[in-house]
Amino acid sequence: MRHDHLISAKQLSRGDIETVLDRAAEIAADPGTVAGRHADTLLGLLFFEPSTRTKMSFDAAMKRLGGDTVDMGSVDSSSVKKGESLADTVRVIEGYTDAIVLRHPSEGSAKLASEFVDVPIVNAGDGAGQHPTQTLLDMYTIRENAGLDDLTIGIMGDLKYGRTVHSLAHALTNFDVSQHFISPESLRLPRGVRYDLHEAGAQVREHTGIDDVLDSLDVLYVTRIQRERFPDENEYRQVAGEYRIDADLLGAAKDDLTVMHPLPRVDEIAPDVDETTHATYFEQAHNGIPVRMALLDEML
Amino acid sequence: MTDTELRVSKIEDGTVIDHIAGGQALNVLAILGIDGGSGEEVSVGMNVPSDRLGRKDIVKVEGRELSQNEVDVLSLIAPAATINIVREFEVVEKHRVTRPETVAGVLSCPNANCISTADEPIESRFDVLEEGVRCTYCETIVRESIASHISAA
């Protein structure tokens with residue numbers, strides 16, 4: 001894999017994905033293989049939005065590779081509060097670090113940042129756009145649990161604003177995967193994502209309920225429906241209730257169904273699912289470390 | 001010169017945009033930033049008969065030659081248009097518009113959450129698709145009412 005920046009999952013070929021996942025599997029099996037490999041590397045963490053998993057796992061991954069990180073801290077305590085543009089911020093930070101991990105609330109922010117700096121930019125989420133490193137750990141989790149070919153996956157929840165969905169759906173087009181998209185009408189995949197999936201030769205199968213497809217799925221990828229997407233609290237409650245899964249519902253699923261979620265969840269997956277063999281979301285979050293280690297090792 | 005073109009007077013210096021799809025002349029004027037308030041001398045023919053298009057619009061603008069940027073955006077809503085540059089009553093250049101691969105600095109992204117709409121030192125940029133345009137930054141696709149996304153001139 002050779003990319004100066006990782007902005008979108010659309011950049012990733014099947015070969016790129018397999019390279020990172022293979023490397024991640026090696027690292028997971030024996031973390032010592034990469035210890036100290038990047039002892040002189042300093043990674044900049046620029047998170048303009050709150051993050052727990054992504055930020056901490058990049059921090060941990062870089063340190064486990066022997067490098068270190070510098071963190072911009074919260075927006076409230078940075079120059080952004082004084083009205084500094086993103087273009088200026090990244091041009092300053094590139095002088096301090098060897099690579100920049102960027103999360104920003106605006107779509108296209110990582111693309112913009114990549115136009116202003118020479119150090120690698122890794123998109124850690126740009127608004128409702130893309131989240132390609134989450135996709136790599138999602139793909140790793142899918143490969144470990146269900147395999148990546150001859151697979152049927154259901155992707156459910158907020159498909160319109162869900163950046164993890166946009167990246168994952170595109171990355172899956174590199175493999176022999178049937179994708180089913182389950183969402184309320186108002187939160188269907190955006191036009192741009194559907195366009196890209198068609199261009200990549202994928203069939204976009206859309207459903208408003210999970211009952212149509214649940215028993216055919218090998219993987220169910222659940223995302224959070226956000227309250228702020230609905231003008232009305234009652235409408236939100238009604239929709240959120242329809243896209244909630246629990247152990248009872250999963251009785252109709254295949255025994256080996258893998259249930260994933262990028263987390264944080266609110267109540268779209270009932271706690272009783274945690275106790276079933278389907279639940280894979282905590283393992284998924286843990287996979288962020290070897291996958292981000294592998295990615296940084298490949299890029300730096 | 002055809003009878004159709006004689007319906008409005010010849011211009012001395014400027015641009016004649018011919019073979020605009022019928023009904024699109026006002027959008028062409030919007031692209032050129034012409035709203036009548038700044039005194040340009042403009043003649044417009046709308047829905048006049050055309051061998052090629054059935055019905056077409058024509059716009060004649062006195063005293064102004066179009067920039068490449070303006071022609072690029074024009075091509076998105078009037079792909080069959082021909083541009084005639086007139087100097088001293090003679091057509092000195094005549095060419096059809098061609099669709100560019102990208103248009104920069106002319107359209108603004110309709111996605112209010114796109115970084116290109118924030119206060120950043122960049123121009124908006126759109127890739128031109130078979131049908132519509134796509135923001136290079138947030139990847140929003142615009143197919144309808146492209147003229148309504150033209151940035152203020």
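Biologist: Helices (H or I, at least four residues) and strands (E, at least two) are DSSP runs, numbered from the N terminus. Where is the place of Gly129(A)?

Modeller: Gly129(A) is in the loop between β4 and α5 of chain A. This is a predicted model, in which local features need pLDDT of at least 70 and side-chain atom pairs count only at pLDDT 80 or more, while totals for chains, interfaces and linings use all residues. Residues are numbered from 1 along each chain as its sequence is written, and chains are lettered from A and ligands numbered from 1 in the order in which they are written.

Biologist: Does Gly129(A) count as buried or exposed?

Modeller: Gly129(A) counts as buried, with 32 C-beta neighbours inside 10 Å. The cut-offs are 20 or more other C-beta atoms within 10 Å for buried, 12 or fewer for exposed, and in between for partly exposed; C-beta atoms are placed from the backbone.

Biologist: And which residues does Gly129(A) touch?

Modeller: Leaving out residues up to four places away in sequence, Gly129(A) touches Glu107(A), Gly108(A), Arg163(A), His166(A) and Cys138(B). Contact is taken as C-beta atoms, placed from the backbone, within 7 Å. Leu148(A) is 19 residues from Gly129(A) along the chain, and their C-alpha atoms are separated by 24 Å.

Biologist: Next, helix α5 of chain A. How many residues has it, and what does it reach from its first C-alpha to its last?

Modeller: α5(A) covers residues 132-145, which makes 14 residues, and reaches 20 Å, close to the 20 Å expected at 1.5 Å a residue. The expected span is 1.5 Å times one less than the number of residues.

Biologist: How many of the residues of α5(A) are buried?

Modeller: 11 of its 14 residues are buried, so α5(A) is mostly covered. Among them are Pro132(A), Leu136(A), Tyr140(A) and Ile142(A). Just after the helix, Gly147(A) takes a positive phi of about 80°.

Biologist: What about β8(A), how many bridges join it to β5(A)?

Modeller: 4 bridges, again with the strands parallel. Met156(A) has Val222(A) as its bridge partner in β8(A).

Biologist: In chain B, what order has the sheet of 5 strands?

Modeller: The order is β2-β3-β1-β4-β5 (chain B), in an open sheet with antiparallel pairing. β2 (42-50) and β5 (90-96) of chain B are at the edges with a single partner strand each, so one side of each has no neighbour in the sheet. The twist averages 15° from one strand to the next; axes are lines fitted to C-alpha atoms, for helices over the stretch in contact, and angles run from 0 to 180 degrees between N-to-C directions. β2(B) and β3 (residues 54-62) of chain B pair over 7 bridges, and Ser43(B) stands opposite Lys60(B) in β3(B).

Biologist: Last topic, domains. What does the domain assignment of chain A give?

Modeller: The assignment gives domain 1 (9-130 + 288-299) and domain 2 (132-285). Such bounds come from an automatic or database domain assignment. The C-alpha centres of the two domains of chain A lie 25 Å apart. Their contact takes 21 residues from domain 1 of chain A and 19 residues from domain 2 of chain A. α1(A) gives the largest share of the domain 1 side, 5 residues.

Notes. Two strands pair if DSSP finds at least two bridges between them. Two residues are in contact if their C-beta atoms, placed from the backbone, lie within 7 Å.
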